[in-house]
Every structure is written in structure tokens, then in C-alpha cells.
Amino acid sequence: MAFPATRLRRLRKSGVLRGMIRETELTPAHLMLPLFVQLGEGERTPVEAMPGVERLSISQTVAEAGEAQELGIPAVLLFGLPAEKDEQASGAYDDEGVVQLAVRALKEAHPKLVVVTDVCLCAYTSHGHCGVVLEDGTIDNDLSLELLAKTAISHAAAGADAVAPSDMMDGRVGALRSQLDAEGFKDVPIVAYSAKFASSFYGPFREAADSAPAFGDRRSYQMDPANAEEAVREALLDVEEGADVVMVKPALPYLDVVRRVKEATRVPVAAYNVSGEYAMVKAAASAGYIDERGVVLEALTGIRRAGADIVITYHAKEVAEWLRR
Ligand code: PBG
């Protein structure tokens, strides 16, 4: 007697059923492309630890986003490199800041592109922490919330389609929601980095965004990689505070968290395939140790299968090209 799996396998081989019974689809429509925007002369500055990723001037950001959109990628996620950094992160909420300028340029050139902005202070503070640091080295949560809300409002005013707080301060989603509402941005959704782990996989990003903390680490506000229950609690709390999409980050070491957050919240879930995950694939592929296309498609399918609706990845354009062929 043949087992059902065997019978299906035969049909699958014939190619007839393969598409019909596939449980998970990976298409460019699920992808979001992170972009690093810089001011000034340098049009494109390579990021050493992330081959293929560059910091882009505003005009190059517009060009890059246009290419992504043509490949079927609906959304970009913006990170800014400000002209100057200070203790108050003033570049983050400057209406003429790098992200604000980039959002306006992007929305003018590509009105249908979904422009999401990362809301955090770490690339704008002289010390590289995600919040305001007090004299004793601790973080002032409430003051940080004020500055984060100002940042989100200035992004929304520039035309951002959604804001994505990645700072992990307590109560930030509620603070952003109520202040966005009060300023007339009731329709701007919040994509909350809800389960953001204190991860070594962010290393290359900190080179790209020039945001490595000058002292200490982020363990007082990012999550312990050992905790999945807590991740679910954080996500539920964020939904209660008004998050429209919740995010898990990094992606591959946390697929169980993606699944649990999806099942617990039943809201759209994004998973961030972060810089270190990207760098590992690029390094192994350039050494000839792995087949990049196969590995990336399998990994991203796995992230989708775990329950992610949206996959944020630096491979987005390559994936869209591979899928088109
Ligand atoms: C800012 C932020 C970080 C990332 C996204 N937003 C870095 C960090 O927390 O140090 C990491 C993204 C990546 O590694 O690709 N708080």
C-alpha cells in the first residue's frame, strides 16, 4: 500500500499539484527593503560588512526605491545618517533632517511606494544609545518618549506612510499613538519593533548607520534572546497600545517567536532579516561555500512559513529578480 505522502509526492513530481498544495508563498509583495540615507556629496558609500548595501544620497535613494518598486517591492524602510549628532538627538526630529527630506523626495517621485521610517535616536545621539542618557549612564525613559514622539510626528508630517519605532523604550507605542493622533496623524500606522532582541547580529548595521553605542550595550532595553514568553507579552502590549503591525527581530534565530507572536496577536507580523544574517550569507556565498540564491529563497520562505506576513531584508531586490526569472 502507498502512503498518502507518497501518492502526493508522485503528483508533485509531475508538477501538476506542486503549486496547488504549496503552503507558503514568497513573492516580492511580501518584502520591505531597508535603505540608509545620507546627506551631502557622497552619492553612494559602500558598507563594508554588507556587500551590495550602500549608504545613499537622497537622489540615489529615490533611484534605488524606484528600482525596487519596479521589481514589485511595495515598501522601503528608511534609516537616516544625520549631518551632526548631539546628546538630544536633534537631527532625529528636525523637519529638514535627512529622513524628513528623503521622505518628501520619495513620496513626490513615487507616490504609491509605501515609505516606512525607522523611529529611533541611536543614529542621532552622540553616544549612540536609543534614548536620552542621564548623568549616571541610565536612560531617561519618559524624556526619550517625548523625543521619539516628536520624531514620529515630523516623519508623518513629511509624508511617511507608517512609522516604525525600534528603540524599545517602555510605553513608546502608546506615546506615539496618542501624540500622532493629537497632531492630526490618526491614519498613520505604527509598525512596532515589539520583540527586538539584544542581538550580536546587528553588528554590520551599526557600521551602516554609524550607531554603535559609545559605551555599554543595549541590554537594558532590548530583550534577552532566551525569552520567548516575554516576546509574546511585549507584542500583546504593543497591540494594546495601538501597534498595527508587530515585528520580530532578528528573524532566523527567532522563528519560534515569529510563530508564537503571530498566533497570539493575530495582527500582521513583520520579521526583520537583519544585517548580520545578510552578511553571513554574503560572506559564505563569496567564498563559494553556499549557493546564495538557494539559501536566501529557502531562508525567506522559512520566515514566511513561520508566520511573517512582511519580510524586511537587504536581499529584497535580488530576491525579486530571482523570483521574476
Ligand atoms: C536601531 C536599529 C537597529 C537595527 C534596526 N534599528 C540596531 C540596533 O538596535 O543596534 C538593526 C538592523 C540590522 O541589523 O539590520 N535601534
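**Entry 1**

I began with Ser166, where a polar side-chain atom lies 3.4 Å from a nitrogen atom of the ligand. I took a polar contact as a pair of N or O atoms within 3.5 Å; within protein, one must be able to donate a hydrogen and the other to accept it, and residues adjacent in sequence count only if both atoms are side-chain atoms. The model is predicted, so I noted that local features need pLDDT of at least 70, that side-chain atom pairs count only at pLDDT 80 or more, and that totals for chains, interfaces and linings use all residues. Residues are numbered from 1 along each chain as its sequence is written, and side-chain values use heavy atoms, with hydrogens and water left out.

For Gln222, a polar side-chain atom is 2.8 Å from an oxygen atom of the ligand. For Ser275, an N or O atom of the side chain is 2.7 Å from a ligand oxygen. The protein covers 100% of the 400 Å² of accessible area that the ligand has on its own (Shrake-Rupley method, 1.4 Å probe; for residues, only the protein chains shown count as cover).

**Entry 2: the shell**

I listed 18 residues around the ligand, of which Lys196, Arg206, Lys249, Ser275 and Tyr314 come nearest (near: a heavy atom within 4 Å). The shell divides into 10 nonpolar, three polar and five charged residues. Here Ala, Val, Leu, Ile, Met, Phe, Trp, Tyr, Cys and Pro count as nonpolar, Asp, Glu, Lys and Arg as charged, and the others, Gly among them, as polar.

**Entry 3: cavities**

I searched the whole structure and found three cavities of 30 Å³ or more. A cavity is a set of points, on a 1 Å grid over the protein atoms alone, where a 1.4 Å probe fits but cannot get out; lining residues have an atom within 4 Å of a point.

The ligand sits in the largest cavity (more than half of its atoms lie within 2 Å of the grid points). I recorded a volume of about 150 Å³ for the largest cavity, that is, the space filled by probe spheres set on the points. Its lining has 19 residues, with Phe79, Lys196, Tyr202, Phe205 and Lys249 nearest the centre. Strand 9 (191-196) and helix 7 (203-208) each supply at least two lining residues.

The second largest cavity has a volume of about 80 Å³. Its lining includes Phe79, Asp118 and Phe205, and divides into nine nonpolar, one polar and one charged residue.

How values were computed
1 Å grid on protein atoms, 1.4 Å probe; cavity = no way out; pocket = protein on both sides within 12 Å on 5 of 7 lines; lining within 4 Å. Helix = DSSP H or I, 4+ residues; strand = E, 2+ residues; numbered from the N terminus.
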